[in-house]
Amino acid sequence: MGSVRRALVLGGGGIAGIAWETGVLAGLAQTGLDVLAADRIIGTSAGSTVAAQFTSGLPPADLFARQADPARQTTELSSGVATEELWVKLQQIAENAGDASEQRREMGAMALAASTVSEERRREVIAGRLPVHEWPERDLVIVAVNALTGEPRLFSPGSGVSLVDAVAASCAVPGVWPCVTIDGVPYMDGGVRTMSNADLADGYDRVLVLAPLAEPGEPSWAKLDGVVEVVTPDEASLAASGPDPLDPAVRTPSARAGLAQGRAAAARIAAMWR
């Protein structure tokens with residue numbers, strides 16, 4: 001029999017999602033469970049940031065401190081967007097557009113028309129988030145979506161695109177942050193495809209999914225053939241994130257709630273993962 005192949009999927013969920021996922025992974029690490037040794041890591045939006053951070057070589061405890069300790073938190077911008085209104089707009093597009101490709105194109109049109117900060121200013125924020133700006137020598141997949149065509153693009157160490165640009169593209173929430181131009185093409189948030197893109201872990205025997213936000217309809221991990229464990233925010237984590245997952249103020253409570261949840265879930269995850 002061949003060796004067991006494992007995949008770690010880190011989904012989207014705003015600044016709260018970054019902090020919560022960081023806490024969960026740090027909590028697992030405290031118990032001795034190293035899920036970062038996965039054969040493939042898939043990062044979408046917030047999860048792309050977490051994937052880049054946790055493959056940087058910094059210890060999980062240090063990465064946790066960068067979220068939980070206000071003195072060590074990097075600069076984030078306030079979105080200036082009413083989150084509830086944004087969700088309503090996105091939901092209207094999802095309900096009124098035809099197939100998934102059309103939905104993504106309409107979201108891309110909204111993203112391109114939005115008044116936001118400059119690409120340069122937003123890139124500075126992403127660069128500040130990442131302790132290392134070089135791709136790791138790992139099977140790391142970062143998901144973004146072409147804002148013109150609606151087609152997804154998978155960035156990886158061999159894609160010829162910088163890690164900062166790939167993460168910035170994957171985190172470009174339509175209507176909130178600017179699309180990221182790569183080789184003349186504007187890209188937006190990978191969560192426009194699905195919030196976690198867990199289907200990209202197809203063929204792996206063990207799949208751990210951290211999903212800060214729910215996926216509407218059938219979740220992307222529903223048809224995976226392997227053993228799948230999905231971790232979503234518990235009651236305490238939901239309370240910590242508050243009503244606006246894009247609010248920089250939620251980092252400390254979300255990280256701490258994630259840490260507690262990761263420690264509590266460690267035995268269950270270890271039984272599946274090992």
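What radius of gyration would a compact globule with 274 residues have, and what does the protein chain have? A compact globule would come near 19 Å and the protein chain has 17 Å, so the two agree. The radius of gyration is taken over C-alpha atoms, and the globule rule is 2.2 Å times the number of residues to the power 0.38. Along the principal axes, the C-alpha atoms fill a box of roughly 45 × 45 × 35 Å.

The model is predicted: local features need pLDDT of at least 70, side-chain atom pairs count only at pLDDT 80 or more, and totals for chains, interfaces and linings use all residues. Residues are numbered from 1 along each chain as its sequence is written, and side-chain values use heavy atoms, with hydrogens and water left out.

The protein chain holds nine helices and eight strands. Both are DSSP runs numbered from the N terminus (helices: H or I, at least four residues; strands: E, at least two).

Residues 12–17 are 67% helix and 0% strand, with end C-alpha atoms 6 Å apart.

Two helix pairs were then examined. Helix α4 (residues 83–96) and helix α5 (residues 100–113) have axes that come within 9 Å and cross at roughly 145°. Axes are lines fitted to C-alpha atoms, for helices over the stretch in contact; angles run from 0 to 180 degrees between N-to-C directions. The crossing of α4 and α5 is right-handed, that is, the near helix is turned clockwise from the far one by less than a right angle (anticlockwise: left-handed). From α4, L86, K89, L90, I93 and A94 make the contact, with Q103, E106, M107 and M110 from α5. Contact means heavy atoms within 4.5 Å. Six of these residues are nonpolar, one is polar and two are charged. Ala, Val, Leu, Ile, Met, Phe, Trp, Tyr, Cys and Pro count as nonpolar, Asp, Glu, Lys and Arg as charged, and the others, Gly among them, as polar.

The axes of α6 (residues 119–129) and α7 (residues 163–170) come within 9 Å and cross at roughly 110°. The two helices are therefore roughly perpendicular (65 to 115 degrees; under 35 is roughly parallel, over 145 roughly antiparallel, the rest oblique). Their crossing is right-handed. R123, I126 and A127 of α6 meet V164, D165, V167 and A168 of α7. This contact has five nonpolar, no polar and two charged residues.
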